[in-house]
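I opened a new page for this structure. My entries below list what I looked up, topic by topic.

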Amino acid sequence: MTKPAIAANGLRKSYGDKTVLDGIDLTVPEGTVFSLLGPNGAGKTTTVQILSTLISAGGGQAQVAGHDLATDPQAVRAAIGVTGQFSAVDGLITGEENMLLMADLHHLSKQEGRRVTAELLERFDLVEAAKKPASTYSGGMKRRLDIAMTLVGGPRIIFLDEPTTGLDPRSRHNMWGIIRELVSGGVTVFLTTQYLEEADELADRIAVLNDGKIAAEGTAAELKRLVPGGHVRLRFTDPADYQAAALALNPATRDDDALALQVPSGGSQRELRSILDWLDSAGIEASELTVHTPDLDDVFFALTGGAGVPTQPKEAVR
Amino acid sequence: MSSLSLAVRDSNTMLRRNLLHARRYPSLTLNLLLTPIMLLLLFVYIFGDTMSAGIGGGGRSAYIAYIIPGLLLMTVGSTVIGTAVSVSMDMSEGIIARFRTMAIHRPSVLVGHVAGSVLQSILSVVLVGAVGVAIGFRSTDATALEWLAAFGLLALFTLALTWIAVGMGLVSPNAEAASNNAMPLILLPLLSSAFVPVDSMPGWFQPIAEYQPFTPAIETLRGLLLGTEIGHNGWLAVVWCLALSVLGYFWSTSTFNRDGK
């Protein structure tokens, strides 16, 4: 078994009385995308800041790229690239100068620095803007320049802290493409996001962070199975069939207008078969049968909701 | 790469970054240059006749000779306010967080600021000096060695004030605060022998004026350029400069190495 790219054990951080991280355990295998999902203030950025050596942990320990954060931060820094939540470009100089600055700080030769700069500017569609001050860039362009700068040293592990927050839908999809491309090149990506869709799209594994603790961890599919909310919806054309089924299948939620029943179900093969078997034996024919598995929204609100949040409209989390 | 050559290389990169900033946005430096030039013209052409009586006569040209050394050092004090402001502004930028997560020589971020600022200050001093010469300042008696020593003193003094200003910039939450915190650096020359001799000040105040960092440096510069008595001011000036440089360096680097937010 190869060493994990990131391994954290009991990470803690507090500012004064306020506990931001309350014992976080994480393992991220090499070459995978790990997403830390959570509402604002959950501690996502703090986690990234600790793992990227920006701030020290108040407790616990972690290895990144096999090096201990506390004892050998410089070796960690040599292996990672970080794109923070707030644009980490130098706005006073041009995009190209930003890239060359990174090349110099990675101690590339002049020639190599120019080559890498030209290549990345091209790849991130920044050639036209290369000679303009970075402060004049749009949000999406700044984010692209930011990631391009992160890639100059060829890092094996990349931290992306809310890389698509504040981007328009097109820029967001571009960013997803960029992240997929990175992973196909064997890079490990540690991604934080408050968008469930994004974690679902990109991540191999997802940890839901809430109030400084990991509320759940697993693949998107595993997480979806954690919460109730899945059901089988049966629709009938014959009102008599509908009535018979409604009396027999219990507990079921009735929708008299549509002649439809919602039967709670995890959607497993056995559960479906028992419903179908019952329908067959009773000689009832449903005109339509659909299985609804819970989506990450259900998981997210179930895990992070506390009181009163679950009915939040979808727009609020997009 | 050895850690020393790494330090030199990264510092050099950061210096280039700061010079690029200064070249693109020279307005801050130029604005700060206005203060000493205006004071020079004000004291020479408006107050000149009265002031020259206070230093024992000789008219306006004698007073020009008297205040130029002080004004050159005041120019340094004025320029490093810009250093404090630009350091404080720079620290609020995301790029600093990026630097902190890179395997670079950390103090190079600050060394770049210091080196860039020292170069700018020296340029400002040369400009103010040129204005002084244009209105009649002459230093014909000074030998080449004295000129060299004068230049060395100015550079050392600049280094000291710059490291202090960098520390002030680092502990300031924003540009306004940095500008306020660094204000004493341009006010101190007013309480020195820059404009009037210390022995013309109230008795209780004289010790303060005499031993604050500006006065020994001004008196030494005056001695080197105009041949007045230097006395103990020479080594006092050097000790002040070295002490402030070391203090500023350790203050700045320890502040910078603290956890970023």
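In what order do the 4 strands of the open sheet in chain A stand? I noted first that this is a predicted model.

Entry on the sheet. I read the order as 12-13-11-14 in chain A, with antiparallel pairing. Strand 12 (253-255) and strand 14 (288-292) of chain A are at the edges; each has a single partner strand, so one side of each lacks a neighbour in the sheet. On average, I found neighbouring strands of this sheet turned by 15 degrees against each other, direction ignored.

Entry on one strand pair. I looked up strand 12 of chain A with strand 13 (residues 260-264) of chain A, and they pair in the antiparallel sense over 3 bridges. Asp255(A) is opposite Ala260(A), which belongs to strand 13 of chain A.

Entry on two helices. I checked helix 4 (residues 59-91) and helix 7 (residues 144-171), both of chain B: their axes come within 8 Å and cross at roughly 30 degrees. The crossing of helix 4 and helix 7 of chain B is right-handed. Among the residues that make the contact are Leu72(B) and Val76(B) of helix 4 and Phe157(B) and Leu161(B) of helix 7.

Entry on the two chains. How many residues does each chain bring to the contact? I wrote down 23 residues from chain A and 21 residues from chain B. On the chain B side, helix 1 (3-24) and helix 5 (94-100) each supply at least two residues. Helix 1 of chain B gives the most to that side, with 7 residues. I sorted the side of chain B that touches chain A into 8 nonpolar, 5 polar and 8 charged residues.

Conventions: Residues numbered from 1 in each chain as written. Chains lettered and ligands numbered in written order. Predicted model: local features only at pLDDT ≥ 70, side-chain atom pairs only at ≥ 80, totals over all residues. Contact = placed C-beta atoms within 7 Å. Nonpolar A, V, L, I, M, F, W, Y, C, P; charged D, E, K, R; others polar. Axes fitted to C-alpha atoms, helices over the stretch in contact; angles between N-to-C directions. Left-handed = near helix turned anticlockwise from the far one by under 90°. Pairing = 2+ DSSP bridges.
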